[in-house]
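Have a look at the sequence and the fold, then read on.

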Amino acid sequence: MSLLGLSALSVLCASLAVWKGFGPESSWGWGLAVGGAVALAASWVLTRLVCQEQTTLRYLEALVERVEKDFLLPSVHRELPTLSGSPGSLPAVEKLTKAFTQLRARLEELEHHRASLEVRIRRVQSEWQQIYTILTGIPEPLLAINEYGELLWANPPAEALLESETGRDRPVRAQRIKCPKLASLLQNMCERKTAGSRSEEVEWADPKGTVRFYRALVTRLVPSTEQADPGAVSVVALLRDIGDQKALQKRHAEFVSSVSHEMKTPLAGIKAYVELLADGDVEDPETQQEFFQTIAAQVERLQRLVENLLNLARIEAGVVQVRKQAHSLNEILEEAFRVVQPAAEAKQIRLEADLSQLYLNVYVDRDLLLQAAINLLSNAVKYTPAGGRVTLRSRLEDQYAQFEVEDTGVGLSQEDCQRVFEKFYRVHKDAHMASGTGLGLPLAKHIVEDVHGGSIAVESQLGVGSTFRVRLPLLSRSWDSRAPTPETAEPASAGTPA
């Protein structure tokens, strides 16, 4: 019997008892009335419980539907088991348990995907950091441009180049490239529809007027989409500094011009005197002898020029044969002194020798070191005005034999002191004082440092004079006693001291 039927029966019994007139003195009637009241109360309580259970079940079913709808993917939702019978045949608790089991499985799958994505993100971040470190470490300026020609990124050298024009108060993205040729090249590459590269030389002048030379390599990247993306890199420009190359080309041009002039002057004199002698215009024997001496002097001048060029080229190439022996440094310096003395007397320059009383024993190639000493003395005589003084000194300095060439000439600036040993370099302000090719001092430096393992330096002051100082390793007596008697031939190396 259902709970509703029991309640109805209790109510009927109580009504019959009242209707038949059973009073309180009748025990049977009294018991029937009390039983009906109790049954009525019990039916009311049970009815409340049933209503609460039905409400709870409805809440649970709604929760299951919400979980299935919001958290389970359609693929999972379709895999739910088909329930037999009516929807109410499966208890809500069992349905909710199965839904939460599926939800936990889905959450575990999502957690696995999240961990995998974190690993991939860390890997991408590491690769990006490596690429960024490489790009920022490139010493040449590097620029990245978008489709609209706007600057997106620049490495530190490029930022320094841009900041020199616009200052540090503007971000890189807001700056504009002030080099017209480079800006035009970048714009042309942005307008290209296909990938490609172009390379051109550009000149970039900063606000101070300093001109820098670059070789610009501009590359057009393949667009990833047909529609232009303002944040995507479209063109990359790498600027390679070719200032040293330009300076070297300029010095080479100056060297060729200077050598041509040096050769042209004596050749013109030789040609003129030879033509006079060949035509018989000079019959006086003394005049003829004077012409012959002039021709010989010009030929000797050409010979010295050619020898300097050849010796410098051979030493740099490492093909010259160096013959080292134990020699007295003072004897070599005395011979260089005698060679240069006539030129000093012709310019009325006092040439003095202050050589050490000690025997300075050095292991050198006599001819090469003699040539280096002659070049230093000749250079001092050339750039010392008439009435000046050139002093040649030698002394013992620790384990080195040292000699100096000091003059009271025009002197050198700080920049000239740093560049005076460069090939083809000449001090322009003093070029009128003496002709030359700028090879004497570089040749002396190669002979002293590369061939003999010594050192050469200069100290100078404008208007006061210059001092060239040469230091050579001193040959000890024990080494001298074991040194071979015959001359030792060895190839010169332009980079390794012998």
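## A tour of the strands and helices

Let's start with a pairing: strand β4 and strand β5 (residues 235-241) run antiparallel to each other, joined by seven bridges. Two strands count as paired if DSSP finds at least two bridges between them. Within this pairing, R220 has V235 of β5 as its bridge partner. On to strand β3 (residues 196-205), which pairs with strand β4 (residues 211-220), again in the antiparallel sense, over 10 bridges. As background, strands of a sheet pair through backbone hydrogen bonds, either parallel or antiparallel.

Before going further, a word on what you're looking at. This is a predicted model, in which local features need pLDDT of at least 70 and side-chain atom pairs count only at pLDDT 80 or more, while totals for chains, interfaces and linings use all residues. Residues are numbered from 1 along each chain as its sequence is written, and side-chain values use heavy atoms, with hydrogens and water left out.

Stepping back, the protein has 13 helices and 13 strands. Helices here are DSSP runs of H or I with at least four residues, strands are runs of E with at least two, and both are numbered from the N terminus. Of the 498 residues, 33% count as buried, where buried means under 20% relative accessible area, exposed means over 50%, and partly exposed lies in between (1.4 Å probe, protein chains only). Among contacts with a separation of 6 or more, 66% come from residues 24 or more positions apart. A contact means heavy atoms within 4.5 Å.

### The five-stranded sheet

Now for an open sheet of five strands, in the order β7-β9-β10-β12-β11, with mixed pairing. Its edge strands are β7 and β11 (455-461), each pairing on one side only. From one strand to the next, the twist averages 15 degrees. β7 and β9 run parallel and are joined by five bridges, and D354 has R393 in β9 as its bridge partner.

Two helices lie across this sheet. α9 covers β7, β9, β10 and β12 (465-473), running at about 170 degrees to β7. α10 lies across β7, β9, β10, β11 and β12, at about 25 degrees to β10. Angles run from 0 to 180 degrees between N-to-C directions, and axes are lines fitted to C-alpha atoms, for helices over the stretch in contact.

### Helices that pack together

Which helix pairs pack, and how do their angles and axis distances look? Here they are side by side.

| Helix pair | Angle | Axis distance |
|---|---|---|
| α9 (residues 329-346) and α10 (residues 366-382) | roughly 40 degrees | within 9 Å |
| α8 (residues 285-317) and α12 (residues 440-451) | about 35 degrees | 10 Å |
| α7 (residues 243-279) and α8 | about 155 degrees | 9 Å |

α9 and α10 are therefore oblique to each other, whereas α7 and α8 are roughly antiparallel. The cut-offs: under 35 degrees is roughly parallel, over 145 roughly antiparallel, 65 to 115 roughly perpendicular, and the rest oblique.

The crossing of α9 and α10 is right-handed, that of α7 and α8 is left-handed, and α8 passes α12 in a left-handed crossing. Left-handed means the near helix is turned anticlockwise from the far one by less than a right angle, and right-handed means clockwise.

What do the contacts consist of? Between α9 and α10, residues including L333, F337 and V340 of α9 meet residues including L370, I374 and L377 of α10. By class, that contact has 15 nonpolar residues, one polar and two charged. Between α7 and α8, F255, M263 and Y273 are among the α7 residues, with F291, I295 and L309 among those of α8. This contact has 18 nonpolar, four polar and two charged residues. α8 meets α12 through N308, N311, L312, I315 and E316 on one side and P442, L443, H446, I447 and V451 on the other, which divide into six nonpolar, three polar and one charged. Nonpolar covers Ala, Val, Leu, Ile, Met, Phe, Trp, Tyr, Cys and Pro; charged covers Asp, Glu, Lys and Arg; the others, Gly among them, are polar.

### Two residues with positive phi

Most residues other than glycine have a negative phi. Q348 has a positive one, near 60 degrees; it sits in the loop between α9 and β7 (350-354) and is exposed, with a relative accessible area of 61%. D398 has a positive phi of about 55 degrees. D398 lies in the loop between β9 (389-397) and β10 (400-407), and is exposed at 60% relative accessible area.
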